[in-house]
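The points begin with the ligand sites, then turn to the domains and the strands.

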Amino acid sequence: MIEKSFFIRVIGCQMNVYDGDKLRGELLSRGWQEAESEDCADFVVFLTCSVRERAEQKAASEIGKFGKKWKKSHRPRLALLGCMAARLGDNLARKFPWIAVAAGPAHMGLVPDAMDRALETGARFVAGSETRAAGPISCAPRSRGNPHKAYVTVANGCDQFCAYCIVPYVRGRFASRAPDDVLDEARELVRNGAVEITLLGQNVDAYGKDFGGGARGRFASLLNGVSSIDGLRRVRFATSHPSDFTDDILDVMGSRPNICPSINLPVQAGSDRVLREMNRRYTKDEYVSLVRRIRAALPEPAITTDLIVGFPGETEDDFEESVALFGELRFDLAHTAAYSPRDGTPAASRPDQVPAAERARRLVRLNGVQTEISRKINASMVGKTYEVLLDEPAPKGEGMLQGRTATDKVVLVRAPLEMAGTFREARVIGSSPWCLEGELV
Ligand code: SAM
Ligand code: SF4
Ligand code: F3S
């Protein structure tokens, strides 16, 4: 048998991490080895993202750089996967001969065979012209980057077609997985060592709306089922769409202590006119009242949001409404971004684009406001004790481990590596806008 090794690099969102974890499990079960670094791998698997132009530019430059190494020894070959491969895989494969496999999320199921064939016969596989329905890789993500935590996608794709967003074009139509598939996969992951599972979807709270009979109750019932699995200490979910977030989800969260009280609820804009033009399907007031209901229903929930500045036609007044909303709702954290035009989306062809320098200015101003809010919220946690799942060595600081509270705050503590994967009580002794410092008690 030929020795074959792979190395996986992920950029983009948790959906790509999950796809990478599944691929890792499948390749290992076929006799592949995971290489320590790209330099000693036969295949580098690159999971890419198309959400903003910068993510694509970064990936394109990395793909170009592979050429130098490949030209010397025809090693490593590259598997270009993820959302950018759905959009540009054919073009890139034509340009770069070191791309041996190019396949988007809809064709992931064909990738393991294609990688085997590429090594055995040198055949290339470019999914663009592939008409076989491939679907996802069927095995559970048994072998994961982090053994204690796992993702489970509950719905693929998205049907919302927000005016700025490329995701529906690269990830396809919204398709929920059958509840039993999700539960079986979650049980297998727990048997395999996961103590925390995050349920994933671009719109998790719309889970089941494609089963017929509407989505009402479907996600709440799935959450109930997953959180009832013996041995599963934490359940998270992301991302929630404000117009699909119903009170039955809060009821289940209130009744099951292992569902973490942390909710990512992207608002995207603070102005009703911009929200309408973005095709978000809720008003600012509806959003505010949802946040209030969440805060009334759950003890100390953490709410995070996503917001785009500089959407086409966004005026200074519109932007100030986003700033005011941050002040009013005081999110724990915000993923903010300057609008990036994506070819093929309705917003990209609008004539009233906000100049790049203005988008950048608004982003800096809004981030400044949010940083102060996060600083104060985190400072208010100093002196309190929280249960933390320690999971990996901190990126900086010898002897430090990184963990997360139930509310998903990062906590750094001095602890030996053997404690990774365990739950510990930590008292917060320091804070910054981005993380907490703790000591084990
Ligand atoms: N489904 C989630 C939702 O409804 O908000 C978010 C999914 S999207 C993959 C992640 C984030 O990327 C979005 O919340 C949005 O803020 C940002 N994003 C999407 N398209 C963008 C664009 N064209 N320019 C800048 N940011 C964008
Ligand atoms: Fe994109 Fe909107 Fe779908 Fe989120 S809900 S993935 S922002 S189209
Ligand atoms: Fe990027 Fe695709 Fe996720 S575009 S954000 S990797 S769904």
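1. Ligand 1 has 18 residues around it, of which Gln202, Pro266, Asp306, Ala337 and Ser340 come nearest; a residue is near a molecule if its C-beta atom, placed from the backbone, lies within 6 Å of it. This is a predicted model, in which local features need pLDDT of at least 70 and side-chain atom pairs count only at pLDDT 80 or more, while totals for chains, interfaces and linings use all residues. Residues are numbered from 1 along each chain as its sequence is written, and chains are lettered from A and ligands numbered from 1 in the order in which they are written.

2. The shell around ligand 1 comprises nine nonpolar, six polar and three charged residues. Here Ala, Val, Leu, Ile, Met, Phe, Trp, Tyr, Cys and Pro count as nonpolar, Asp, Glu, Lys and Arg as charged, and the others, Gly among them, as polar. Because both domain 1 (5-129) and domain 2 (149-379) give residues to this shell, ligand 1 lies between them. Domain bounds come from an automatic or database domain assignment.

3. Ligand 3 is surrounded by 13 residues, the closest being Gly12, Cys13, Cys49, Val51 and Cys83. By class, its shell has eight nonpolar, four polar and one charged residue. Domain 1 and domain 2 each supply at least three residues to the shell around ligand 3. Helices α1 (14-29) and α5 (167-171) each contribute at least two residues, and α5 gives the most, with three. Helices (H or I, at least four residues) and strands (E, at least two) are DSSP runs, numbered from the N terminus.

4. The assignment also gives domain 3 (385-440). The centres of domain 2 and domain 3, taken over C-alpha atoms, are 25 Å apart. Their contact (C-beta atoms, placed from the backbone, within 7 Å) takes 14 residues from domain 2 and 11 residues from domain 3. On the domain 2 side, helix α12 (residues 356-379) provides the largest share, five residues.

5. In strand β5 (residues 99-103), five of five residues are buried, that is, 20 or more other C-beta atoms lie within 10 Å of their own, with C-beta atoms placed from the backbone. β5 pairs in the parallel sense with strand β4 (residues 77-82) over four bridges, where pairing requires at least two DSSP bridges. Leu78 has Ile99 in β5 as its bridge partner. β5 also pairs in the parallel sense with strand β6 (residues 125-126), over two bridges.

Definitions and conventions:
Two residues are in contact if their C-beta atoms, placed from the backbone, lie within 7 Å. A residue is buried if 20 or more other C-beta atoms lie within 10 Å of its own, exposed if 12 or fewer, and partly exposed in between; C-beta atoms are placed from the backbone.
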